[in-house]
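Hi,

Here is the structure I promised to pass on. Have a look at it first, and then read my notes below.

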Amino acid sequence: MTKRLPPLNPLRAFEATARHGSLSKAAAELNVTHGAVSHQIKALEQSLGIKLFERAGLRLKTTPHGAELLPAVSSAFDGIAAATQRLTRPASSGALSLSCVPALLSLWLIPRLGDFMAQYPDIRLRLTASNDPANIRSPELDLCLLYGDGSWSDCWMRKWSGLELFPVVSPTLVNNQPLRTIRDLADHVLLHGDDGREWHTWLTAADALDLERGRRHRFDDAHLSIGAALHGHGVALGDSVTASDLLARGQLVAPFGLSVPAVYDFYIACRNEMRAAPIVQVFTEWLFAEKAKSSGRLANPVTSRIGTRRRRQPERDGATGG
């Protein structure tokens with residue numbers, strides 16, 4: 001059954017007049033004449049068959065019928081105004097909370113934030129260094145950049161980048177203690193940014209599992225192992241994303257022309273209800289655009305690639321687990 005509603009313009013005239021208690025002030029707000037407002041109110045009264053205003057000195061006062069109608073009309077107009085504001089609000093303003101893999105945050109994202117802030121000066125960022133998938137469901141975070149297999153359920157995710165792994169070392173160290181062949185790694189300290197799995201993957205592909213290894217240092221994150229390599233403390237495994245700027249600037253070198261696919265990939269993920277948030281869409285689009293720009297600008301530091309057999313997770317662009 002179709003609901004019968006009064007015309008919109010008479011309702012606007014009624015609401016403005018009731019709020020101001022004056023035809024003249026209502027006319028000024030609505031940018032029409034005093035007579036036009038009076039005409040619209042009379043038309044509404046005739047349509048409803050009731051009187052909406054009565055004179056109280058110099059002011060107009062709502063009748064009991066008008067007082068009963070006013071809250072509903074005001075609420076409806078407030079709701080329309082709020083919805084319109086949400087729809088037309090620029091996506092390039094507001095606050096965004098992001099959780100990001102520590103190495104990716106410090107070595108890739110932060111150096112590029114100047115470009116983002118120049119494009120979107122009204123977006124306020126809160127950045128957290130973490131690779132904990134539980135962050136996806138945290139109400140304190142809007143978006144996550146994670147390194148993993150993409151098996152997280154009941155969320156929206158999209159693969160952002162694959163990556164290749166290869167040894168990296170400071171120019172100073174490699175000049176003082178050469179790395180001419182893979183066997184020379186036996187004379188160097190190996191720096192681990194994980195539980196040893198990634199070095200094992202690379203050495204397997206390089207047919208060097210039998211390599212006699214000396215001292216090894218382990219760190220909680222690849223950012224720390226790369227930092228140790230920058231200071232000349234040993235050889236770390238870098239990757240084609242987070243180490244790209246350091247290699248381009250000559251702060252690190254890749255002594256061997258061999259790389260292997262990383263065990264996992266980088267993913268963007270968030271709660272399902274955050275996927276359509278304009279500010280999340282803005283940052284996600286910027287991430288992909290910046291990644292494409294970086295890939296096109298930087299040459300591959302490794303001249304050849306050793307493939308390894310591993311199970312690849314299918315890319316998912318949508319909600320999972322529901």
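Predicted model: local features only at pLDDT ≥ 70, side-chain atom pairs only at ≥ 80, totals over all residues.

**What I found**

Strand β8 (residues 190–192) and strand β10 (residues 235–239) run parallel and are joined by two bridges. Leu 191 has Ala 236 as its bridge partner in β10.

Residues are numbered from 1 along each chain as its sequence is written, and side-chain values use heavy atoms, with hydrogens and water left out.

**The chain as a whole**

You'll find ten helices and 13 strands in the chain. Of its 322 residues, 43% count as buried (under 20% relative accessible area with a 1.4 Å probe, protein chains only; exposed is over 50%, partly exposed in between). Taking contacts (heavy atoms within 4.5 Å) with a separation of 6 or more, 78% are between residues 24 or more positions apart.

β8 and β10 belong to an open sheet of five strands, ordered β9-β8-β10-β7-β11, with mixed pairing. The edges are β9 (216–218) and β11 (260–261); each has a single partner strand, so one side of each is left without a neighbour in the sheet.

Helix α8 lies across β7 (164–168), β8 and β10, and runs at about 125° to β10. For such angles, axes are lines fitted to C-alpha atoms (for helices, over the stretch in contact), and the angle runs from 0 to 180 degrees between N-to-C directions.

Helix α7 (residues 197–205) has Glu 198, Trp 199, Thr 201, Trp 202, Leu 203 and Ala 205 as its buried residues. They pack against β5 (143–148), β7, β8, β10 and β11. Just after α7 comes Asp 207, with a positive phi of about 55°.

**Two helix pairs**

α8 (residues 222–230) also packs with α5 (residues 102–119), at an angle of about 50° and with the axes 7 Å apart. The two are therefore oblique to each other (under 35 degrees counts as roughly parallel, over 145 as roughly antiparallel, 65 to 115 as roughly perpendicular, the rest as oblique). Pro 102, Ala 103, Ser 106 and Leu 107 of α5 make the contact with Ala 222, His 223 and Ile 226 of α8. That gives five nonpolar, two polar and no charged residues; here Ala, Val, Leu, Ile, Met, Phe, Trp, Tyr, Cys and Pro count as nonpolar, Asp, Glu, Lys and Arg as charged, and the others, Gly among them, as polar.

The other pair is α2 (residues 23–30) and α3 (residues 34–48), whose axes come within 8 Å and cross at roughly 105°. α2 and α3 are therefore roughly perpendicular to each other. Leu 23, Ser 24, Ala 26 and Ala 27 of α2 meet His 34, Val 37, Ser 38 and Ile 41 of α3, and the contact has five nonpolar, three polar and no charged residues.

**A hairpin**

β1 (residues 53–56) and β2 run antiparallel, joined by four bridges, one of which pairs Glu 54 with Lys 61. They form a hairpin with two residues between them, and Gly 57 in the turn has a positive phi of about 70°. In β2 (residues 59–62), Leu 60 and Thr 62 are on the covered face, while Arg 59 and Lys 61 are on the uncovered one.

Cheers

Methods:
Pairing = 2+ DSSP bridges.
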